[in-house]
Amino acid sequence: MDKFKSIFSGLEIAYGQYQPGERGDNGKQKGKAFIVRGQVTDEHWRNHIEGKGPALGIIPITENNDWRWGCIDINPFDPVGIAESQIALLDAFLLLCLIKNSDKSSQKELHENIHNQELVVGFGRDPKLKISVSGKEALLTDQLAALKDELLMIADYVNDDGLKNAVQVHFENQFISERVLDMVSKDNFVDVAFEHSNAIKNSFQGEYIDQNNFEKNALNSLNIFRGLDENDETGIQEFVKLYNDKIKEM
């Protein structure tokens, strides 16, 4: 658990939680995401790892304005799970973080950020949502527009049309989560998931796949995983390295 905590360390005075609820008539799992102001304890970590109670969501940015890790949702509309334009958008954002000055947050700013995250988690889809910026109310959509302009400036500065196009695409089109919600709101969730899975499968139809070899490698991968998992003392980083080394030997 200590290794897991060190990899995913973040803000310690507040954290996110997700409480799954009942399934709706369309088959979609309902649930509630919320921010809790309080210390992240070992019990929170342990319950999360063991799958007990509400899921734990660590806020990556620390009290010192730094962060060690990040993650991105799988894009269900891309066969490989992430589109090239998403990677380009992340490149632009990381370049902005690299060159933009950012002083250490005061306690007042830190609590303002936590409050804003509470608002976005609870009401982020409201186009009229207002957050607090330096103690003043501001439309979230205006802040997104300002971020878009800064990212476009980065793309212009490095003279990269791919970055510029990625920024335009992701800010002018629906977010992925919005597209998913639109899909499931119009039909049964199970039917939508099945149809979309078939569409992804069909996108690979033109490629030759040796089914027998595919199944053999999948079973070997599972056996390697099980074998390594039997040793409870193996840390996460060592586990990943051993697993990858054995996969390369296949």
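Which residue forms a salt bridge with E50? The legends below, which describe close-up views of a predicted model, start from that pair.

**View 1. The salt bridge of E50 and K52.** The partner of E50 is K52, and the closest N and O atoms of this salt bridge lie 3.0 Å apart. E50 has a relative accessible area of 45% and is therefore partly exposed, and K52, with a relative accessible area of 46%, is likewise classed as partly exposed. The pair is one of the 5 salt bridges that the structure holds.

View 2. D42 and K5 form a salt bridge in which the closest N and O atoms are 2.5 Å apart.

**View 3. The packing of helix α5 with helix α6.** Two packed helices are described by the angle between their axes together with the distance between those axes. For helix α5 (residues 140-157) and helix α6 (residues 161-172), the axes come within 8 Å and cross at roughly 165°. An angle over 145 degrees counts as roughly antiparallel, and α5 and α6 are therefore roughly antiparallel to each other. The crossing in which α5 passes α6 is left-handed.

**View 4. The residues that meet where α5 contacts α6.** On the α5 side the contact is made by L144, L147, K148, L151, L152, A155 and D156, which meet L163, K164, V167, Q168, F171 and E172 on the α6 side. Sorted by class, this contact of α5 with α6 has 8 nonpolar residues, 1 polar residue and 4 charged residues.

**View 5. The salt bridge of D156 and K164.** Among the residues of the helix contact are D156 in α5 and K164 in α6, and the side chains of D156 and K164 meet in a salt bridge with an N to O distance of 2.8 Å.

Note on methods:
Residues numbered from 1 in each chain as written. Predicted model: local features only at pLDDT ≥ 70, side-chain atom pairs only at ≥ 80, totals over all residues. Heavy atoms only, no water. Axes fitted to C-alpha atoms, helices over the stretch in contact; angles between N-to-C directions. Helix = DSSP H or I, 4+ residues; strand = E, 2+ residues; numbered from the N terminus. Parallel < 35°, antiparallel > 145°, perpendicular 65-115°, else oblique. Left-handed = near helix turned anticlockwise from the far one by under 90°. Contact = heavy atoms within 4.5 Å. Nonpolar A, V, L, I, M, F, W, Y, C, P; charged D, E, K, R; others polar. Salt bridge = Lys/Arg side-chain N within 4 Å of Asp/Glu carboxyl O. Buried < 20%, exposed > 50% of the residue type's maximum accessible area, 1.4 Å probe, protein only.
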